[in-house]
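Dear colleague,

I am passing on to you the structure shown below.

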Amino acid sequence: MATEKLYWADPFATAFEAAARTGEHGGKPSIVLDRTLFYPESGGQLADVGTLAIGGRTLGVVDVQVADDGTIHHLVDGSVDGLEGVAASGTIDLARRRDHMAQHTGQHALSRALVDVARAETVSSRLGATSCTIDVEGALAERDVARAEDLVNAVIMDDVGVRQLFPTPEELPKLPLRRPPKVDRGVRVIDIEGFDMSPCGGTHCTRTGQIGVVRVVGLEKYKGGWRVTFHAGRRAIDDARKKEAVLAELAREFTCGMLDVVQSVGKLRVELKTRTDALASTRGELVELLADRILAQHPPAPGGATTRVVVVREHGDLGMLRTLAGRLATREDVVALCAAPDERDANEFAVVLQRGSKADFDCSAWLKQEAAAGGGRGGGRPERAEGRMPRASLLAAAARLRDAS
């Protein structure tokens with residue numbers, strides 16, 4: 001038998017009395033009440049939580065689910081033994097309920113606004129514990145989202161009524177619903193006065209002013225359409241405060257006003273690029289000098305044999321290793337192994353192996369074999385390969401390569 005939904009009659013009520021029996025849902029024991037204020041997870045909205053005083057005990061309600069027959073199951077944090085046919089007193093978490101009401105009514109309003117502004121129809125929505133999303137089909141741009149957000153907040157400031165309707169099957173087709181219901185009987189409709197009508201079974205504000213504010217915080221392409229991420233009510237305020245705190249900290253670091261941070265970051269990027277370019281030029285000159293010195297110490301072998309050059313440095317990033325190996329391999333007889341400690345882990349070495357145009361050597365095969373044997377990883381092409389190896393394994397492999405010359 002379906003559970004009576006007290007949360008529809010008064011979404012702000014926090015306490016109630018009911019008759020209880022035990023049940024089971026999803027293989028877990030549950031408590032079934034003849035009437036409840038606990039909203040079950042459904043329609044993209046999370047369940048209420050709270051407590052049940054029952055059988056001389058107080059149990060935490062940690063989840064609420066609804067069965068296909070309309071029975072609402074309360075999953076609790078203790079045993080349900082001995083609770084058959086007893087009276088229960090329930091109390092819901094009002095702060096969580098108010099948050100869910102603001103998010104859900106805010107979602108209805110934002111979905112309507114996206115249709116009015118950009119003809120972007122809602123495909124699905126999710127009201128999560130930390131963020132809410134609306135997935136829409138059709139084209140959507142940042143300016144459309146901003147206009148939709150302004151429209152929603154204008155409706156919130158007007159503080160219009162939000163009511164629930166239970167139309168008959170004859171009345172239902174005559175209503176200007178934003179989306180059609182899945183059934184034609186027993187349909188509950190949420191009516192945001194003069195703005196939106198949608199079938200819904202969730203908990204909602206009774207006036208739009210109770211939403212507080214709706215703020216869109218993300219827009220991204222998703223499954224051929226767009227995903228809009230938003231916050232409503234207290235979440236929007238908390239999110240704005242966190243972001244303002246970050247911005248204020250950046251402003252202090254840059255010794256500028258918060259609205260001047262973007263300009264300060266732009267100046268810093270220009271300075272960084274200038275210094276990076278200068279460093280790259282200097283590094284190129286250094287690599288040239290280093291390569292010339294190394295090649296002078298390794299003259300070509302007689303008879304056109306391969307010359308194996310090993311360079312293990314205690315400092316140097318992957319970019320430098322690549323440049324150095326490439327420069328050494330410009331001499332056609334050279335196989336060059338260049339290695340240096342990884343920037344994140346000094347016990348692991350980054351390795352670049354490259355051969356000259358006439359060197360008879362498979363860089364990829366050699367590095368794969370040595371890396372696998374030494375607890376590292378690596379691969380590439382016969383003419384060039386890269387990998388990472390523990391320090392001891394790298395030094396041993398480098399010695400074997402050098403001694404094979």
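Two strands are taken to pair if DSSP finds at least two bridges between them. The model is a predicted one, and the account that follows should be read with that in mind.

On that definition, strand E18 (residues 348-355) and strand E20 (residues 384-390) pair in the antiparallel sense, over seven bridges. Within this pairing, the bridge partner of Phe349 is Met389 in E20. Strand E18 is also joined to strand E17 (residues 334-341), again by seven bridges and with the two strands running antiparallel. Here Ala336 stands opposite Gln354 of E18. Six residues lie between E17 and E18, and the two strands form a hairpin.

Strand E12 (residues 189-192) and E13 run antiparallel and are joined by four bridges, with Val189 standing opposite Pro199 of E13.

Turning to the helices, two packed helices are described by the angle between their axes and the distance between the axes. For helix H5 (residues 261-297) and helix H6 (residues 318-328), the axes come within 9 Å and cross at roughly 45 degrees. H5 and H6 are therefore oblique to each other, and H5 passes H6 in a right-handed crossing. Helix H2 (residues 94-118) and helix H3 (residues 142-158) pack with their axes 8 Å apart, at an angle of about 130 degrees. That angle makes H2 oblique to H3. The crossing of H2 and H3 is right-handed.

Finally, the aromatic side chains. How many aromatic pairs does a search of the whole structure find? The search finds five aromatic pairs. One of them joins Tyr7 and Trp8: the ring centres are 6.3 Å apart and the planes stand at 90 degrees, so this pair is edge-to-face. Tyr7 is buried, with a relative accessible area of 2%. Another pair is that of Phe361 and Trp366, whose centres are 6.4 Å apart and whose planes are at 45 degrees, so the pair is tilted. Both Phe361 and Trp366 are buried. Tyr7 and Trp8 also belong to an aromatic cluster that they form with Tyr39 and Phe166.

Lys5 lies over the face of Trp8, at 5.1 Å from the ring centre. Arg227 lies over the face of Tyr222, at 3.7 Å from the ring centre.

Yours sincerely

Definitions and conventions: Residues numbered from 1 in each chain as written. Predicted model: local features only at pLDDT ≥ 70, side-chain atom pairs only at ≥ 80, totals over all residues. Heavy atoms only, no water. Phe/Tyr/Trp six-rings, centres within 6.5 Å; stacked < 30°, edge-to-face > 60°. Buried < 20%, exposed > 50% of the residue type's maximum accessible area, 1.4 Å probe, protein only. Lys NZ or Arg CZ within 6 Å of the ring centre and 35° of its normal. Axes fitted to C-alpha atoms, helices over the stretch in contact; angles between N-to-C directions. Parallel < 35°, antiparallel > 145°, perpendicular 65-115°, else oblique. Left-handed = near helix turned anticlockwise from the far one by under 90°.
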